[in-house]
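Morning, everyone. Please have the sequence and the model open while I talk.

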Amino acid sequence: MRRHVWLSLLLMLLTLVCFWEIQRHEFVNFDDSQHISGNPFVSAGFTQESVRWAFASGKHPLTWLSHMLDVELYQSWAGGHHRTSLLFHLANVLLLFFVLRRATGAEYQSAAVAALFAIHPLHVESVAWASERKDVLSTFFWLLCIGGYLRYVEAPGIGRYLVVVGFAVLGLMSKSMLVTLPFTLLLLDYWPLQRLELDAGSGARQRSRLWRVVAEKIPLFALAAISATIAYEIQRSSGNTGLLRSLAWTDRVANALVAYASYIHKTFWPRDLIFFYPHPEDSLGVTEIAGAMLLLVATSFAIWRARRHRYLTFGWLWFLGTLVPVIGLVQIGKQAMADRYTYVPHIGLFVAIVWGISEASSNWRCRKSLLTTAAIALALILTVATRSQVAHWQDSLSLSAHAVEVMPDNALAHHILGQSHWSGGRPDEAIEHYQRAIEIEPDFVDPHVDLASALDGSGRTQEAVDALSRVLAIRPDHAIANYNLGMIQARSGEIDAAISTLRRAAASSPTDASVQLGLGSLLAGQRRFEEAEPHFLEALRADPHNASTYAQLGGVHAMWGRYDDAIREFETA
């Protein structure tokens, strides 16, 4: 059997040993409940409404479709969704090996890079977190695009070029981080393809060749620009750019430099990895800034060695460049950094490391034995570390408890830990962690809302009302807080106040099926059927598979004497 086949089998074995257990894991409260298990369109599988929604959302529609396919295959079994992510990661490992092998001709170095990519602990988040399917899916198309590009370079032609563009489009439809793909193709032109020469003394022929190499990427850069604009507008409309407006550009740049340094540190010392690293905002210390300055020195060194060690420049610029969309210069969300962001950037760093070791050891005695021993030892260490990290993702309780242990002042971790205790029937522990999250970050409204629900569920209704009032003092338009307050008012017999409160909730979140259904139910209970009907219809548009909504709408039609409509709604329910 050929050597590359044995290497492929070894890569598959390493990957499966590290990640096999994720098929026994549950969904976690960190976005999984919102994006998958609690998303009515995803949980419905492939329907006309679901597919339309996936594309209308404008946000990685292929990723949504992949989750819908999982629902068709596995229904609500979380392990099936994890299995699909594992299969994509496994495919990415093999694709990376074959792409590097084809581009460089270096079999063992390519296998070493693929092995590091396969089993590094920083990549656990991309594989074990179901909601991060977009990472493994977009990388799958990214690597296919590179493979197609290598074929195009070997024999340029419009057909092969369209294959490259096609895979780029599919990747951008999976995750907008592929905006840096054209940049990585230019790096491949520089090394190992040697199509891009940057010598200052190049003649007219060389400049013409340089222009041709750059010009063929223009359609890809245009696609990337369109995708980046759409992604930013979606995040802005979702309210995820609030920290961008509140942070000075100097703070964003400083945190970006520190994040780069932190990713490198965690690459070589992958300990205390957690699912959420809070943004320090303007609290960066002198030590962190000094570490960031060393990063600038390393970049200068890589550029200085560009002629003699092209792989070093390639790897370092790949690492720096592919992190740009998520490094925090344009701040999306509240995280300072995230383990998942290293999934593609690590490829460049691993190339620089592996090829550097290979060159440095070229004159060693017993080179093969020493490198083989070192590779086996490193593989064992990374396997143990990765399996340990995978275990933290088995459920919300394990994930958040580990994060609180590593970072006790992590408000989001306390919030999710509180949710885990609540769902596990431990209300006192849940309330304790909600209160701790509020203590750490008083303006973080989500733990306020869940604290109110926990207090209300524990019979402490007035305390729940007080907690919701604090939320509405911070965010008067908060839909869930208004909805929960309206439900408490309805139970207390304050129907007019409840309807008024739910109207505020519906105005803030008109596509929330629960809010529309709740408001419609209250109005119908007051025999205000004409007012209730539009809210039931809005609830069905938001969640077309809710039997209760059909039943209540049927009741409204029956009360009006529209018996044919009522029968149809009852039959649908």
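I will go through some helices, a few residues and the backbone.

This is a predicted model, where local features need pLDDT of at least 70, side-chain atom pairs count only at pLDDT 80 or more, and totals for chains, interfaces and linings use all residues. Residues are numbered from 1 along each chain as its sequence is written, and side-chain values use heavy atoms, with hydrogens and water left out.

Some terms before we start. Helices (H or I, at least four residues) and strands (E, at least two) are DSSP runs, numbered from the N terminus. Buried means under 20% relative accessible area, exposed means over 50%, and partly exposed is in between, with a 1.4 Å probe and protein chains only. Contact means heavy atoms within 4.5 Å.

Start with His35. Its place is helix α2, residues 32–37. Is His35 buried or exposed? His35 is buried, because its relative accessible area is 18%. Leaving out residues up to four places away in sequence, His35 touches Val42, Trp64 and Ser131.

Next, helix α15, residues 249–268. The expected span of a helix is 1.5 Å times one less than its number of residues. Helix α15 has 20 residues, so it should span 28 Å. Its end C-alpha atoms are 29 Å apart, which agrees. Buried residues in α15 include Arg252, Asn255, Tyr260, Tyr263 and Lys266.

Now a pair of helices. Two packed helices are described by the angle between their axes and the distance between the axes. Axes here are lines fitted to C-alpha atoms, for helices over the stretch in contact, and angles run from 0 to 180 degrees between N-to-C directions. Take helix α19 (residues 367–392) and helix α20 (residues 396–406): their axes come within 7 Å and cross at roughly 115°. That makes α19 roughly perpendicular to α20, a label for angles of 65 to 115 degrees. Which residues of α19 and α20 make the contact? From α19 come Gln389, Ala391 and His392; from α20 come Ser398, Leu399 and His402. By class, that contact has 2 nonpolar, 4 polar and no charged residues. Ala, Val, Leu, Ile, Met, Phe, Trp, Tyr, Cys and Pro count as nonpolar, Asp, Glu, Lys and Arg as charged, and the others, Gly among them, as polar.

On to Gln335, in strand β2, residues 335–337. Gln335 counts as buried because its relative accessibility is 14%. Neighbours within four places aside, Gln335 is in contact with Phe276, Tyr277, His279 and Tyr341. With Tyr341, the side chains make a polar contact at 3.1 Å. A polar contact is a pair of N or O atoms within 3.5 Å; within protein, one must be able to donate a hydrogen and the other to accept it, and residues adjacent in sequence count only if both atoms are side-chain atoms.

Tyr311 lies in helix α17, residues 310–323. Tyr311 is buried too, at 10% relative accessibility. Where is Val351 relative to Tyr311? The two are 40 residues apart in sequence and 7.1 Å apart in space, C-alpha to C-alpha. Tyr311 also touches Trp191, among others.

Trp191 takes us to the backbone. The peptide bond from Trp191 to Pro192 is cis, with omega near 5°. Pro192 is in the loop between α11 (181–190) and α12 (204–215). Gln194 is found in the loop between α11 and α12 as well. Phi of Gln194 is near 55°, a positive value in a residue other than glycine. Gln194 is partly exposed, at 37%.

Conventions. Parallel < 35°, antiparallel > 145°, perpendicular 65-115°, else oblique.
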